[in-house]
Amino acid sequence: MSHTAHIPSHRKPRRSASKIGLRAGVAGGVLSTLAVAGASGAAQAAEPVTQTIEMPTITADLSTQVAQSAEATQQAANSYALQAEQDQAVAKAAKQAKADQALAEKKAEAKKKAEAEARRKAEEARASRAAARTTLSAPSASADVSIPASGSVASVIAFLKAQLGDAYVMGGTGPNSWDCSGLTQAAFRQAGVSLPRVSQDQSTAGTPVSLDNLQVGDLLYWGAAGSAYHVGVYIGNGQYLDAANPSKGVVIQDLSGYPASGAVRLL
């Protein structure tokens with residue numbers, strides 16, 4: 001027996017290897033967890049905490065209000081543009097109306113002057129014809145001269161020319177309107193020749209002459225002798241004077257344009 005056998009041993013009993021390994025693994029896991037937790041805490045301590053601020057959401061009512069406001073603004077702009085166009089159109093129309101009025105007034109003034117001039121000339125023509133009628137006094141209607149005195153043709157032509165421009169009126173016998181036979185009857189009365197009233201009778205009142213042998217003062221007729229429908233007086237140079245129709249009145253015309261049917265000589 002050993003001399004130390006009676007002394008109790010102070011060393012703990014030796015543990016088995018498996019138990020020692022298990023405990024080491026648990027301790028290592030705890031230490032790893034602590035290490036990770038410490039690192040995470042350090043990382044969180046190093047980074048500043050940031051708060052996220054959410055923007056307010058535009059509601060449907062607000063969106064509608066914005067749209068309505070934009071539409072109202074556009075309508076106001078359109079209204080202003082339309083008003084500007086209308087104002088411009090009104091100004092343009094007023095300017096054109098003023099120009100038209102000025103032109104109308106100018107035309108009216110010109111027309112007034114033309115009418116005044118026409119009246120003046122008409123008055124002069126009437127005065128001239130009145131003077132001619134005064135100079136060429138008419139003999140009594142009952143006078144019937146077969147052979148007129150010298151110069152009678154000139155008095156007939158002078159009377160006829162004094163009536164130029166007078167109106168044609170059916171049945172007219174003067175002093176300012178005539179039909180064809182009324183004019184010739186009054187004209188030959190200046191030379192003392194009393195002619196029947198109508199053209200049919202006047203066409204047979206004198207001595208028939210050829211149209212190729214006409215003399216100034218010969219009475220021309222259109223239609224057959226005894227049934228003539230129109231008369232006039234030859235004034236020379238292939239022309240005659242007559243009360244033609246309502247559109248022409250008393251005029252001088254060319255025989256070439258309206259050839260007569262026959263002629264009679266009264267002077």
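I begin with burial: a residue is called buried under 20% relative accessible area, exposed over 50%, and partly exposed in between, with a 1.4 Å probe and protein chains only. By that scale Ser-155 is buried, with a relative accessible area of 15%.

Two remarks on provenance. This is a predicted model, in which local features need pLDDT of at least 70 and side-chain atom pairs count only at pLDDT 80 or more, while totals for chains, interfaces and linings use all residues. Residues are numbered from 1 along each chain as its sequence is written, and side-chain values use heavy atoms, with hydrogens and water left out.

Now the overall architecture. Helices (H or I, at least four residues) and strands (E, at least two) are DSSP runs, numbered from the N terminus. The protein chain has five helices and eight strands, and their order along the sequence is α-α-α-β-β-α-α-β-β-β-β-β-β. Of its 267 residues, 24% count as buried. The accessible surface, from the Shrake-Rupley method with a 1.4 Å probe, comes to about 18400 Å², and carbon and sulfur atoms hold 58% of it. A contact means heavy atoms within 4.5 Å. Among contacts with a separation of 6 or more, 56% are between residues 24 or more positions apart.

Let me turn to the interior. A nonpolar core is a set of buried Ala, Val, Leu, Ile, Met, Phe, Trp, Tyr and Cys residues joined through side-chain atoms within 4.5 Å. Which members of the largest core touch the most other members? In this core of 25 residues, they are Leu-160, Trp-178, Leu-183, Phe-188 and Leu-219. At least two residues each come from helix 3, helix 4, strand 4, strand 5 (230–236) and strand 6 (239–243). Helix 4 gives the most, with five residues. Another core, of nine residues, lies apart from it and includes Leu-220, Tyr-234, Leu-255 and Ala-260.

Leaving out residues up to four places away in sequence, Trp-178 touches, among others, Phe-159, Gln-163, Leu-183, Ala-243 and Val-250.

Rings of Phe, Tyr and Trp (its six-membered ring) pair if their centres lie within 6.5 Å; planes under 30 degrees apart count as stacked, over 60 as edge-to-face and the rest as tilted. By this rule there are three aromatic pairs. Phe-159 and Trp-178 form an edge-to-face pair, at 6.0 Å centre to centre and 80° between the planes. Phe-159 lies in helix 3 (residues 152–162) and Trp-178 in strand 2 (residues 177–178), so this pair ties together parts that are 19 residues apart in sequence. Both residues are buried.

Trp-222 and Tyr-258, by contrast, are stacked, with 5.2 Å centre to centre and 20° between the planes. Why does this pair tie together parts 36 residues apart in sequence? Because Trp-222 lies in strand 4 (residues 219–222) and Tyr-258 in the loop between strand 7 (250–254) and strand 8 (262–265). Trp-222 is buried at 1% relative accessibility, whereas Tyr-258 is partly exposed at 34%. Ring pairs join Trp-222, Tyr-240 and Tyr-258 into a cluster.

Next, the charged side chains. A salt bridge is a side-chain nitrogen of Lys or Arg within 4 Å of a carboxyl oxygen of Asp or Glu. There are two salt bridges by this rule. In one, the closest N and O atoms of Arg-197 and Asp-179 are 3.0 Å apart. Arg-197 sits in the loop between helix 4 (180–189) and helix 5 (199–202), and Asp-179 in the loop between strand 2 and helix 4, 18 residues apart. Asp-179 is buried at 6%, while Arg-197 is partly exposed at 28%.

Asp-218 and Arg-265 also meet in a salt bridge, at 2.9 Å from N to O. Asp-218 is in the loop between strand 3 (207–209) and strand 4, and Arg-265 is in strand 8, 47 residues apart. Buried or exposed? Asp-218 counts as buried at 2% relative accessibility, and Arg-265 counts as buried at 18%.

Ser-155, in helix 3, reaches the backbone oxygen of Ser-152 at 2.5 Å. Gln-163 is placed in the loop between helix 3 and strand 1 (167–168), and its side chain reaches the backbone oxygen of Phe-159 at 2.9 Å. At 0% relative accessibility, Gln-163 is buried. Both are polar contacts, meaning a pair of N or O atoms within 3.5 Å; within protein, one must be able to donate a hydrogen and the other to accept it, and residues adjacent in sequence count only if both atoms are side-chain atoms.
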